[in-house]
Amino acid sequence: MQSIDDFHFELISSPEPLERSAEWGKQSSREALAGCLKKMGINSKSSEDLTIIGHTHLAKHPQITASISHTRKVGAALTSNRDQYPSVGIDIEFVDRKIAHGAEKYFINEDDGVEVWQNILLTWTLKEAAFKALSPYIDKFDWPKVLVLKDIWIKKNQFGLRGNTKILGKTSSRIKKAGELEMIISFAFLNPLL
Ligand SMILES: CC(C)(COP(=O)(O)OP(=O)(O)OC[C@H]1O[C@@H](n2cnc3c(N)ncnc32)[C@H](O)[C@@H]1OP(=O)(O)O)[C@@H](O)C(=O)NCCC(=O)NCCS
């Protein structure tokens with residue numbers, strides 16, 4: 001399998017109190033995006049520099065693909081090069097988040113690899129990341145309906161659309177501490193469109 005060799009991500013945890021957390025998480029995701037850009041040699045001075053168009057690329061730097069995720073007081077961002085990946089997706093969740101028993105029937109399908117059952121929360125985040133990478137380009141795949149997580153399969157760090165074995169992209173994940181909190185961070189990278 002081709003390796004995922006050219007991406008940047010940042011995870012930022014806000015020190016602000018939990019009651020204001022939703023907004024702070026969102027703000028942190030923008031700071032995380034600024035951090036990714038800095039790693040790519042770009043200094044973002046205004047919110048305009050951080051505007052993502054069509055959930056795929058930066059308005060001011062169209063060659064950079066970007067995705068963000070936020071939850072409570074934590075925000076994260078992922079950037080890559082558009083030549084390498086036309087679209088990317090990131091999703092974060094606290095490792096202690098509980099998925100309701102039985103809820104997996106809403107997002108796991110018969111084409112998923114057997115490994116998806118080992119960690120349902122991880123599978124959820126991988127599918128959310130793949131959804132973010134895929135949904136902006138779904139019209140390129142003749143998909144007949146509104147895309148939902150259950151339409152996406154995950155197998156051996158790759159993803160595609162249910163009912164079709166074609167591999168559309170790659171996934172990866174890691175566990176990282178954000179302050180006191182442990183998070184699952186999942187990434188998805190859409191393959192170049194032929
Ligand atoms: C869009 C979606 C992926 C967002 O995920 P989330 O976990 O709720 O939120 P996150 O914080 O991780 O991500 C939010 C960011 O995703 C991005 N986003 C929103 N819609 C998007 C889309 N269609 N494609 C790519 N990225 C998208 C935005 O940048 C957003 O940040 P912003 O609102 O601050 O600009 C999710 O709400 C969704 O629609 N999932 C698929 C539908 C589904 O099948 N649901 C589950 C049924 S069991």
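Strand E1 (residues 7–13) and strand E5 run antiparallel and are joined by seven bridges. Helices (H or I, at least four residues) and strands (E, at least two) are DSSP runs, numbered from the N terminus, and two strands pair if DSSP finds at least two bridges between them. This is a predicted model, in which local features need pLDDT of at least 70, side-chain atom pairs count only at pLDDT 80 or more, and totals for chains, interfaces and linings use all residues. Residues are numbered from 1 along each chain as its sequence is written.

**Strand E5 and its partners**

- Leucine 11 has alanine 76 in E5 as its bridge partner.
- Strand E4 (residues 64–71) also runs antiparallel to E5, with eight bridges between them.
- Isoleucine 68 is bridged to alanine 77 of E5.
- Two residues separate E4 and E5 in a hairpin, and arginine 72 in the turn has a positive phi of about 40 degrees.
- Seven of the eight residues of E5 (residues 74–81) are buried, meaning that 20 or more other C-beta atoms lie within 10 Å of a residue's own, with C-beta atoms placed from the backbone.

**Loop residues with positive phi**

- Histidine 55, a residue other than glycine, has a positive phi near 60 degrees and is placed in the loop between strand E2 (52–53) and strand E3 (57–58).
- Aspartate 142, in the loop between helix H2 (120–134) and strand E7 (152–155), has a positive phi of about 50 degrees.
- Aspartate 142 counts as exposed because it has 8 C-beta neighbours inside 10 Å.

Conventions. A residue is buried if 20 or more other C-beta atoms lie within 10 Å of its own, exposed if 12 or fewer, and partly exposed in between; C-beta atoms are placed from the backbone.
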